[in-house]
Amino acid sequence: MKFEPLHLLRHYVLVLSASLVISALHYFFAPQKPYVVSLVYSLCIGSCNWAVIDLGRFVVGVDPKTQWPRGWRGPALVAGGIVLGYLTGTALADAWFGWSSWEGQSAQQLRASLLVTLVAGVVISGYFYLQGKGQVLQKSMEEAQHQATEAQLRLLLTQLEPHMLFNTLANLRALVGIDPDRAQQMLDHLIAYLRATLTASRSTEHSLQAEFDRLRDYLELMVVRMGPRLSYQLDLPQDLAQAAIPPLLLQALVENSIRHGLEPKVEGGHIRISAWVEQGAVGQPPQLSVTVQDSGVGLTASPAPALQERGRGFGLTQVRERLRTLYGPEAQLHLAPADPGPGTTVQLRFRLHTLTPTDHPTAPSAAHV
């Protein structure tokens, strides 16, 4: 068991509090004796009990599941600690006042005093046992919840990767018969994109710089397919390059913008992805805000089925699930018409935290095509 001074100090403060209560009760039922006598004896006996029992666990050895000695050693430690603590604490208090309790008290008073020590020691030791066991169970639950969260995030990500890949391959297949040269360029971009993406997507979070780099790769693929009908802009402040974000989180939003916003528009349009920090309310942590804005047909111009799919389809559903799983209910996704229009804006807002900077070179903070 790891020696934790703060944890032991909390136990000792609790023991001292119980000793004060016992001394007050003793004085209430026997006011003929000065309160200081009851106070000193209670504090000495309680402190000795704590020292023998709580510190004795490190000598006897504990069960990691309960933070208490296994089997018969636990009750034996409590019983021995109560007896030894009572004798030692009484001797210390006797030395303080300069008399002997064994000579100045009747057998009935000694039995009552020992009984009070026994009950208090058992109750407090039982509380410490249950508290330790509860802390271990709490840690186990938190670890299980963390593992479940990671498993759910990986499941969501494995659903998203084939979805993106199938869409890209379908576009590539259509382009092969129309323009083989552009299809070759698209295939080269796809190979480079997959090489960089499949490794990065094994973690639950990566840097915002890496996410923007993957978006640039993907948008280059779409530029090959759509030609001058597609332009894009990536705006990433340098101080947010190492902000954490789930891998491929923005991928589905960009796909939505192209599929439902730009492709239905004859002249195509522009996509802009931006990131900035929003300061929270007083006492609240700052929020990372990321928007994907397109100049496509917009929400009001979309047919009803397309509008419904864009608001609750695969892409946005995946983004919402991943945000909620990783950041909790405070994470937000907001879908609205672009301002100024036409077009659509999707804004994500979630807790900001920064990853440890890596040694690989960073890409420029903005790209224009």
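Let's start where two helices meet: α1 passes α2 in a right-handed crossing. Keep in mind as you look that this is a predicted model. Helix α1 covers residues 5-29 and helix α2 covers residues 35-60. Their axes lie 8 Å apart, and the two helices pack at an angle of about 150 degrees. Angles over 145 degrees count as roughly antiparallel, so α1 and α2 are roughly antiparallel to each other. What kinds of residues make up the contact of α1 with α2? By class, there are 14 nonpolar residues, nine polar ones and two charged ones.

A pair of aromatic rings is described by the distance of the centres and the angle of the planes. The model has five aromatic pairs, and one of them joins Y12 and W50. Their rings are 4.5 Å apart, centre to centre, with 40 degrees between the planes, which makes the pair tilted. Y12 sits in helix α1 and W50 in helix α2, so this pair links parts of the chain that are distant, 38 residues apart.

Now turn to the empty space. Rolling a probe the size of a water molecule over the atoms shows where such space is left. The largest pocket has a volume of about 870 Å³. It is lined by 36 residues, and the closest to its centre are H26, Y41, S42, I45 and S113. Which helices supply at least two residues each to this lining? They are α1, α2, α3 (73-97), α4 (101-104) and α5 (107-178). By class, the lining of the largest pocket holds 17 nonpolar, 17 polar and two charged residues.

Methods. Residues numbered from 1 in each chain as written. Predicted model: local features only at pLDDT ≥ 70, side-chain atom pairs only at ≥ 80, totals over all residues. Heavy atoms only, no water. Axes fitted to C-alpha atoms, helices over the stretch in contact; angles between N-to-C directions. Helix = DSSP H or I, 4+ residues; strand = E, 2+ residues; numbered from the N terminus. Parallel < 35°, antiparallel > 145°, perpendicular 65-115°, else oblique. Left-handed = near helix turned anticlockwise from the far one by under 90°. Nonpolar A, V, L, I, M, F, W, Y, C, P; charged D, E, K, R; others polar. 1 Å grid on protein atoms, 1.4 Å probe; cavity = no way out; pocket = protein on both sides within 12 Å on 5 of 7 lines; lining within 4 Å. Points joined across faces, edges and corners; volume = space filled by probe spheres on them. Phe/Tyr/Trp six-rings, centres within 6.5 Å; stacked < 30°, edge-to-face > 60°.
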